[in-house]
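Take a moment with the sequence and the model below. The paragraphs that follow walk through them step by step.

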Amino acid sequence: MAQEKMLTGCSAAATGAKLAEVEVICSYPIRPYTAIMMELAKMVANGELKAEFVHGEGEHAQVSIVLGASAAGARAYTGSSGVGVTYAMEVYSPMSGGRYPVQMAIADRALDPPGDFGSEHTDAMSTRGQGWLLGWARTPQEVLDNTLIGYRIGEDQKVMLPQMTCQDGYFLSHIADKVNVPELAQAREFLPPFKSPHPLSVACPVSHSPQIRPDQGAPMDAQRAAVYTDVPKIIEKATAEYNKIMGRNYDPFLEKYKMDDAEIAFFIQGAHANTCMKEIDKMRKQGVKVGMIRPRWIIPWPTQYLAEACAGLKALGVIETSTCYGGSMRGGNLAPEVRASLYDLDDRPVVTSFMGGLGGETIWPEEFHSMAKVLTQAAKDKRASQYTYWVGFEGK
Amino acid sequence: MKVDYKFQKLEPAKNFKAINKAEMYVPGHRTCAGCGPALNYRLVAKAAGPDTIFIGPTGCMYVANASYLCTPYAVSLIHAQITNGGAVASGIEAAFKVLAQKGKYTGVFPNIIVMAGDGGTVDIGLQAMSAMLYRNHKVLFICYDNESYANTGIQVSPTSPYGANTTFTPPGKEIPEANVLFPKYVPELVIGGHPALKYVATTTIAHPLDLTNKVRKALSFEGPTFLHMLAPCPKGWKFDEKLSREMAKLAVETGMWSLFEWENGVYKYTNVPKTYKPISEYMKNQGRFSHLKAEHIAKMQAFVDERIAKVKANIAIPIATPR
């Protein structure tokens, strides 16, 4: 029988990795994701999990070591936070280009300048474009579930791509919540053993990633792009199967909260959505027709699903939680994507953005109310006065 | 947990004729005429045999070998970044171990060999190499040393000799001797700080039997081993390409390079000349040294003399810059 346990996001990730029966694990300490590796180290030490636990000498090495392990045919797992995520940058494109479906658990942390511990999504968001699947959880439950779903999608022979399964540092990684932990048999039913199509081998010699000519580069890029055309279908199928086996109720791409009759809505990723949903309940009682859309996957970006979900909306506020200084929306990464996704709608909502949840700062309940006021005004005016509003800086 | 990993037993070759006939590094690459590293690769691959996986960090031996999706390897190869040869090898080794533990891999344990250039070993690749040796992986790390970043057009590396003219150290009025620094001494850098390390040896492409048996011996340990190999580069060192082997031979005859094995803290030097030739014999045929004046050559001779003294005493070669 599946068990209910109180788990932090880090424990949930470690439990997910154990259920996935990962074979090579590579660690390097950085807060806050470290707790995932601390738990896995214990599991390996006491024999609960049969795996090689390798102490990487840095994040660049962590990603390199799991690349080697995946190339040799093992299911490999690593993770990081903040500047650790960016330190490994060189190895992200060889990983996706070599089609190694490793998984990296990210507990988001603000990038330096120096020493900001709190959550901010800029770390993993800055790896977009490297070819990895990129998804965010809202609860420890979803962290565990995404670990298994991530491997299942990434290891699909039609996909063969690495995944980053992300959670907010501290807000999720270090706060416990009730988690339904599946049985190993259920996990095995959902996630078959990893089978590398062309592992490094002595019986059947292969060459991985030999150099190519410029005219061979574009076809390989096109191949990777073509995979992403098929990924949404594979995500749908995997999520549906997961829901069935585990008794969950995930939408493959977008969690929609009170969207049926919504006139204004928030687009928000990660754990801040929990506060958002609570405040939506309060605003609903006051008669504000507000809803929320939360992406489960940022890569692949759910373009059509988002357009469908936004039909009929009057104003949409994108809460950024990551930075892109000097970008088209003057603040974050998500709003440009959201605007582009809605461009083909005949009757599209006003889209503006809010810079919040940065540098580890929480988004306070009352701030959702003031953001909703901006959106209500924008809906009335049929335009927003700014590309982006810095939450908490009003009048300063 | 006791697991039979099916490690290989490679016997030493008694003489040159006993070296494996089968080629594991076959024609079809596009290295320069007289390429020292290519001959080095061929000899290493032959010695290691078919049950081998090479990790090839970026460098000449990646770019000129694994070209246009074709490779000259009759065994498996994976490209690594120039930064991470040791790390990728560590992951491969860990994978074969865990797959064997779980009964998912039942074949012979492969010879896992990193073939890295000097940059991929003691410059940008230093961290990954050192961590791999520290963690006790069963991997042979080989540094094929052509004393420069040759693939990118002969730039100075930490093993480029004092006085070498490279495209980042051109001689000029202000800096007449070109490269003013003395090289990192690779074997000592490796031996100095890795308690798990089982075996270190040096060799050159001019000593094929010695090279073969050092590769085979290094592969027989159940832990990390390291080989440093001199692989002269006609383009980078600016000598006639028919002299590649001769250059490696002269390096040993002048004391520029020493052949030894290190095991359990003991140095065993071989091929020690009774009388060393002057260093000018080695330098005169190499265009990279042609700008040097007598005082520079004297400084180089002093450097080599200090090395020779240690070889005679059977102790580690020092790495201090001569005054």
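This is a predicted model: local features need pLDDT of at least 70, side-chain atom pairs count only at pLDDT 80 or more; totals for chains, interfaces and linings use all residues.

In strand 2 of chain B, B:Leu77 is the bridge partner of A:Ser207.

Now widen the view to the whole contact between the chains. How many residues of chain A are in contact with chain B? The count is 38 residues of chain A, in contact with 42 residues of chain B. Which elements of chain A give two or more residues to this side? They are strand 3 (52-55), helix 3 (59-71) and strand 9 (207-208). Helix 3 of chain A gives the most, with nine residues. Sort the side of chain A that touches chain B by class, and it has 20 nonpolar, 12 polar and six charged residues.

Next, turn to the backbone of chain A. Most peptide bonds are trans, and most residues other than glycine have a negative phi.

Start with the peptide bonds. A cis bond joins A:Arg31 and A:Pro32, with omega about 0 degrees. A:Pro32 sits in a loop of chain A, between strand 2 (24-27) and helix 2 (34-45). Another cis bond runs from A:Ile299 to A:Pro300, and its omega is near 0 degrees. Here too the proline is in a loop: A:Pro300 lies between strand 13 (297-299) and helix 11 (303-310) of chain A.

Then look at phi. A:Tyr170 is not a glycine, yet its phi is positive, near 65 degrees. Find A:Tyr170 in the loop between strand 7 (163-168) and strand 8 (177-181) of chain A. Is A:Tyr170 buried or exposed? A:Tyr170 is buried, because 21 other C-beta atoms lie within 10 Å, and 20 or more are enough for that label.

A:Lys258 also has a positive phi without being glycine, with a value near 50 degrees. A:Lys258 has 16 C-beta neighbours inside 10 Å, so A:Lys258 counts as partly exposed. That label covers counts between the exposed limit of 12 or fewer and the buried limit of 20 or more.

Notes. Residues are numbered from 1 along each chain as its sequence is written. Chains are lettered from A and ligands numbered from 1 in the order in which they are written. Two residues are in contact if their C-beta atoms, placed from the backbone, lie within 7 Å. Helices (H or I, at least four residues) and strands (E, at least two) are DSSP runs, numbered from the N terminus. Ala, Val, Leu, Ile, Met, Phe, Trp, Tyr, Cys and Pro count as nonpolar, Asp, Glu, Lys and Arg as charged, and the others, Gly among them, as polar. Two strands pair if DSSP finds at least two bridges between them.
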